[in-house]
Amino acid sequence: MNPAAAPRIRVLIVDDDLFVREHLSEYLAATPDLVLLGTCTNGAEAISRVREEPPDVVLMDIQMPVMDGILATREIVQVTPTVRVLALTSFGDDDAVADMLAAGAAGFLLKSTRAHVLADGIRAVHGGLTVVPPDTVRRWGSLRQPPGGPALSERERRVLDLVAAGLNNRQIGQAMFLSASTVKSHLSDLMQKLDAPSRTGVVARAHELGLLTRRGEQ
């Protein structure tokens with residue numbers, strides 16, 4: 001579908017840096033299917049704004065004064081679960097990113113991300129996908145300690161890797177020659193084994209336990 005013909009996605013920007021807010025606003029203004037709903041300087045403002053007028057997607061900074069993005073994300077997804085949060089960070093703090101995913105964020109991107117990648121990320125999380133940069137997934141696999149946690153079958157490990165790569169159930173099914181319902185069943189088992197409430201929570205928990213496949217092992 002042509003992005004210009006798709007329904008416009010309403011976006012709320014949350015960042016304490018004026019420069020970042022202005023540039024993100026420029027990105028949105030230049031993209032036909034995205035519309036800026038407003039900007040906030042901290043998590044507390046974001047919660048209040050979301051309650052007044054829920055956006056489709058929140059671009060959420062992690063480190064902010066008054067209330068950080070982790071606490072704000074947890075509150076937002078609990079109160080308004082239809083709102084999707086896409087974390088933005090200017091540094092590679094894997095633990096903070098994992099905390100954001102565990103709080104309910106649908107993914108994250110670096111603030112240095114090119115405009116078209118950011119726009120694609122917004123569309124992806126709005127469409128129900130998880131957004132985690134591929135190089136981050138590889139780094140998580142190479143830097144974590146040896147795998148621990150619950151025993152997973154080879155098929156569950158493959159599903160886990162594809163979830164971490166941002167694929168939805170249909171795409172995972174196509175890649176593994178499985179039905180979408182079978183993929184959903186495996187994902188449900190992963191949530192139970194990893195004690196995670198969502199697919200993004202599964203990715204965060206897998207990161208903590210070192211369960212993501214290392215580069216070259218697939």
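Two residues are in contact when heavy atoms of theirs lie within 4.5 Å. Keep that in mind for these exercises, which use a predicted model.

**Exercise 1. Where is T31, which residues does T31 touch beyond four places away in sequence, and is T31 buried or exposed?**

Solution. 
- Start with the place: T31 sits in the loop that runs between helix 1 (18-29) and strand 2 (34-40).
- Next, apply the contact rule. Leaving out residues up to four places away in sequence, T31 touches A119 and R123.
- Now look at the side chain of T31, which reaches the backbone oxygen of Y27 at 2.9 Å.
- Finally, check accessibility. Buried means under 20% relative accessible area, and T31 has 14%, so T31 is buried.

**Exercise 2. Describe how helix 7 and helix 8 pack.**

Solution. 
- A pair of packed helices is described by the angle between their axes and the distance between the axes.
- Here helix 7 (residues 154-164) and helix 8 (residues 169-176) pack at about 130 degrees, and their axes are 10 Å apart.
- To name the arrangement, recall that 65 to 115 degrees counts as roughly perpendicular and over 145 as roughly antiparallel. The two helices are therefore oblique to each other.
- The crossing of helix 7 and helix 8 is right-handed.
- For the residues involved, find R155, R158, V159, L162 and V163 in helix 7; they meet I172, A175 and M176 in helix 8.

**Exercise 3. Which residues touch the most other members of the largest nonpolar core, and what does M60 touch?**

Solution. 
- The largest nonpolar core has 46 residues, and those touching the most other members are V14, V58, M60, I76, V85, M100 and L160.
- Take M60 as the example. Not counting residues up to four places away in sequence, M60 touches V14, A46, G69, A72, T73, I76, V85, L86, A87, L88 and M100.
- Apart from this core lies another, of 20 residues, including I9, V11, V57 and V131.
- As background, nonpolar side chains tend to be buried together in soluble globular proteins.

**Exercise 4. Is L101 buried or exposed?**

Solution. 
- First locate L101 in helix 4 (residues 94-103).
- Its relative accessibility is 1%, so L101 counts as buried.

**Exercise 5. How many residues of helix 10 are buried?**

Solution. 
- Helix 10 spans residues 199-209, and nine of its 11 residues are buried.
- Name them: R199, T200, G201, V202, V203, A204, A206, H207 and L209.
- Just after helix 10, G210 takes a positive phi of about 70 degrees.

Terms used. Residues numbered from 1 in each chain as written. Predicted model: local features only at pLDDT ≥ 70, side-chain atom pairs only at ≥ 80, totals over all residues. Heavy atoms only, no water. Buried < 20%, exposed > 50% of the residue type's maximum accessible area, 1.4 Å probe, protein only. Core = buried A, V, L, I, M, F, W, Y, C linked by side-chain atoms within 4.5 Å. Polar contact = N/O pair within 3.5 Å; in protein donor to acceptor, adjacent residues only side chain to side chain. Axes fitted to C-alpha atoms, helices over the stretch in contact; angles between N-to-C directions. Parallel < 35°, antiparallel > 145°, perpendicular 65-115°, else oblique. Left-handed = near helix turned anticlockwise from the far one by under 90°.
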